[in-house]
Amino acid sequence: ARALPYMRRIEALMRPRLEWVIRPRAIGAFALFLSVLIMLPIPFANIMPALSLIVIGLGMMRDDGLYTAAGIGLGIGSVAIVVVIYRTLLIAALSFL
């Protein structure tokens, strides 16, 4: 109930635009990839992919390509963050060998 005012503000900004961005198959494959990233056991690395999936979902529900594109951008950024975190953890683990 506390999130309702925020959701009303977000929905007031959403309208059908940039509909050419919404390609369900490509976005579905990207969402599947983000879901796999969420399942990885890396501490604090699942927040950004989950947030990007929320934004993509909101954009697709309201046919708003701008929100969908923003979610895809967040998703690409979250993939980069997860790769950096995973690489750093791998280097740290290999340094102990």
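Predicted model: local features only at pLDDT ≥ 70, side-chain atom pairs only at ≥ 80, totals over all residues.
Residues are numbered from 1 along each chain as its sequence is written, and side-chain values use heavy atoms, with hydrogens and water left out. Helices are DSSP runs (H or I, at least four residues), numbered from the N terminus.

**Helix packing**

- Two packed helices are described by the angle between their axes and the distance between the axes.
- Axes here are lines fitted to C-alpha atoms over the stretch in contact, with angles from 0 to 180 degrees between N-to-C directions.
- H2 (residues 24-39) and H3 (residues 47-61) have axes that come within 9 Å and cross at roughly 155°. That makes H2 and H3 roughly antiparallel (angles over 145 degrees).
- The H2/H3 crossing is left-handed (the near helix is turned anticlockwise from the far one by less than a right angle).
- Residues in contact (heavy atoms within 4.5 Å) include Phe-30 and Leu-34 in H2, and Leu-53 and Ile-56 in H3.
- For H3 and H4, the axes come within 8 Å and cross at roughly 165°, so this pair is roughly antiparallel too.
- Among the residues making the H3/H4 contact are Ser-52, Ile-56 and Gly-59 of H3 and Gly-71, Gly-75 and Ser-78 of H4.
- H2 and H4 cross at roughly 35°, with axes coming within 11 Å. Their contact includes Phe-30, Phe-33 and Leu-37 of H2, along with Ile-72, Ile-76 and Val-79 of H4.

**Salt bridge**

- There is one salt bridge in the structure (a Lys or Arg side-chain nitrogen within 4 Å of an Asp or Glu carboxyl oxygen).
- Asp-64 and Arg-17 form it through their side chains, at 2.9 Å, N to O.
- Asp-64 sits in the H3-H4 loop and Arg-17 in the loop between H1 (4-13) and H2, so the pair ties together parts 47 residues apart in sequence.

**Surface patch**

- Tyr-86, Leu-90, Leu-94 and Leu-97 make a nonpolar surface patch with about 490 Å² of accessible area together.
- Patch residues have over 30% relative accessible area and no salt bridge, with nonpolar side chains (Val, Leu, Ile, Met, Phe, Trp, Tyr) joined within 5 Å.
- Accessible areas come from the Shrake-Rupley method with a 1.4 Å probe, and for residues only the protein chains shown count as cover.
- Leu-94 belongs to H4 (residues 65-95).

Conventions. Patch = residues over 30% accessible without salt bridge, like charges linked within 9 Å, V, L, I, M, F, W, Y side chains within 5 Å. Helix = DSSP H or I, 4+ residues; strand = E, 2+ residues; numbered from the N terminus. Parallel < 35°, antiparallel > 145°, perpendicular 65-115°, else oblique.
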